[in-house]
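Student: I am new to this one. Could you please walk me through it?

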Amino acid sequence: MKLLVTGGAGQLGRSLVKRGRASAIEVVACPRSALDITSWDSVVRAIDATAPTCIINAAAYNAVDAAEHERDVAFAINRDGAELVARAGAERGVPVIHISTDYVFEGISTEPLKETAVALPISVYGESKLAGEQRVLAAGGMVVRTSWLFSDGGPGFVQTILGLALTRPVIEVVRDQRGCPTWADDLADALLILADSPTAELLHYCGGPAVTRAELAQEIVKLARRYRPIACKVVPIATPIGGSGAPRARRPPTVTLDTMRASLRGIPPRRWQTGLADVIAGELAS
Ligand SMILES: NC(=O)c1ccc[n+]([C@@H]2O[C@H](COP(=O)([O-])OP(=O)(O)OC[C@H]3O[C@@H](n4cnc5c(N)ncnc54)[C@H](OP(=O)(O)O)[C@@H]3O)[C@@H](O)[C@H]2O)c1
């Protein structure tokens, strides 16, 4: 097995390299400078030079708030770029696994959402990712939805909370967003299994159990206290509406992805606490 990974410098791209190395799987991870998914020439050049057995599209426009005023850029990467990778792979007979997000859902159901649940995004980012999923599936690719990714080095929620906790006595974190944190290394392990026999379908994979952002922040601070004398208190708040502190994009209030289909393929969800402890040790144990 030989994998070509787009978005190779991102959180998931780096984890695929790391976990591939641990499993003796050859992973060629291209940063954006070497493989731009919005350029057909760039994509086919990389495929032809690598001759992979599977392509994982980990490249994305992930700036959820900025997407509200950069709609064209978000769609160019998350919809058109994803389609381009899927079509280039299909043309050369190389299966493609594309990564998507729980933000395709409206987030009003407290029940775990199966792959068959109706997607109704409430942000431009979510719309662009849903459009990308549809194009990839139409081109015969596989789509793996995940949620709340975190990794060594981030950047992401874990690094943001750590930075604030080390410098402030109190941090306010929203209690009305609930989801499933996922360690990028765990997702990478799951993808390395799927890449051996990808199927043209949609599949959910995330960590468990579901928590609120405030609960996740409290866990981050608790684990960080193993390494630093942190006095910071996490105060759960409601998401600000309007005003300078309000986010530009709406987030789904609660999404738990149902991962039964992944479990049946031998990749059950892992507890995110294990990965979080590993990431925090990497950030602070020195
Ligand atoms: N992060 C999360 O919480 C989360 C949650 C659910 C799903 N996901 C999905 O999981 C996947 C991986 O996310 P991640 O957290 O690893 O993202 P990430 O860290 O933001 O990495 C994405 C990478 O894609 C690159 N990229 C952007 N435009 C590109 C283009 N036109 N061509 C090639 N590369 C391009 C970025 O490069 P630059 O930095 O140079 O722009 C970046 O290195 C994405 O599909 C994302 O939507 C993420």
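Predicted model: local features only at pLDDT ≥ 70, side-chain atom pairs only at ≥ 80, totals over all residues.

The conversation below goes through the strands, the ligand surroundings and some helices.

Student: Let us start with strand S4. How many of its residues are buried?
Tutor: Six of the six residues of S4 are buried, so the strand is mostly covered. On one side lie Val96, His98 and Ser100, and on the other Ile97, Ile99 and Thr101; both faces are covered.

Student: And how do S3 and S4 pair, parallel or antiparallel?
Tutor: Strand S3, residues 54-57, pairs with S4 in the parallel sense, over three bridges. Within this pairing, Ile55 stands opposite Val96 of S4. Between the two strands the chain passes through H3, and this β-α-β crossover from S3 to S4 is right-handed.

Student: Which strand is joined to S4 by five bridges?
Tutor: That is strand S5, residues 142-146, which runs parallel to S4. Here Ser100 stands opposite Arg145 in S5. The chain gets from S4 to S5 through helix H4, residues 124-138, in a right-handed β-α-β crossover.

Student: Back to S3. Are its residues buried or exposed?
Tutor: Cys54 and Ile56 point one way from S3, while Ile55 and Asn57 point the other way, and all of them are buried.

Student: Which residue of S4 stands opposite Asn57?
Tutor: His98 in S4 stands opposite Asn57. Asn57 is also the bridge partner, in S3, of Thr6. Strand S1, residues 2-6, pairs with S3 in the parallel sense over four bridges.

Student: Changing topic: which residues come nearest to the ligand?
Tutor: Of the 26 residues around the ligand, Gly7, Gly10, Gln11, Ala59 and Ala60 come nearest. The elements that give two or more residues to this shell are helix H1 (11-22), helix H3 (71-91) and strand S4 (96-101).

Student: What sorts of residues make up that shell?
Tutor: The shell around the ligand divides into 12 nonpolar, 11 polar and three charged residues.

Student: H3 has come up already. Where is Ala90 found?
Tutor: Ala90 is found in helix H3.

Student: What is Ala90 in contact with, leaving aside its neighbours within four places in sequence?
Tutor: Ala90 is in contact with Ala139 and Gly140. Ala139 is 49 residues apart from Ala90 along the chain, and the C-alpha atoms of the two are separated by 6.9 Å.

Student: Now helix H7. Why is it described as largely enclosed?
Tutor: Nine of the 12 residues of H7 are buried, so the rest of the structure largely encloses this helix. Among the buried ones are Arg213, Leu216, Glu219, Ile220 and Val221.

Student: What covers those buried residues of H7?
Tutor: The cover includes helix H5 (157-167), strand S7 (170-174), strand S11 (211-212), strand S12 (233-237) and helix H9 (272-284).

Student: What span should H7 have?
Tutor: At 1.5 Å a residue, the 12 residues of H7 (residues 213-224) should span 16 Å. The end C-alpha atoms are 16 Å apart, which agrees.

Terms used: Residues numbered from 1 in each chain as written. Near = placed C-beta within 6 Å. Nonpolar A, V, L, I, M, F, W, Y, C, P; charged D, E, K, R; others polar. Buried ≥ 20, exposed ≤ 12 C-beta atoms within 10 Å, placed from the backbone. Pairing = 2+ DSSP bridges. Right-handed = clockwise from strand over helix to strand, strands pointing away. Expected span 1.5 Å × (residues − 1). Contact = placed C-beta atoms within 7 Å.
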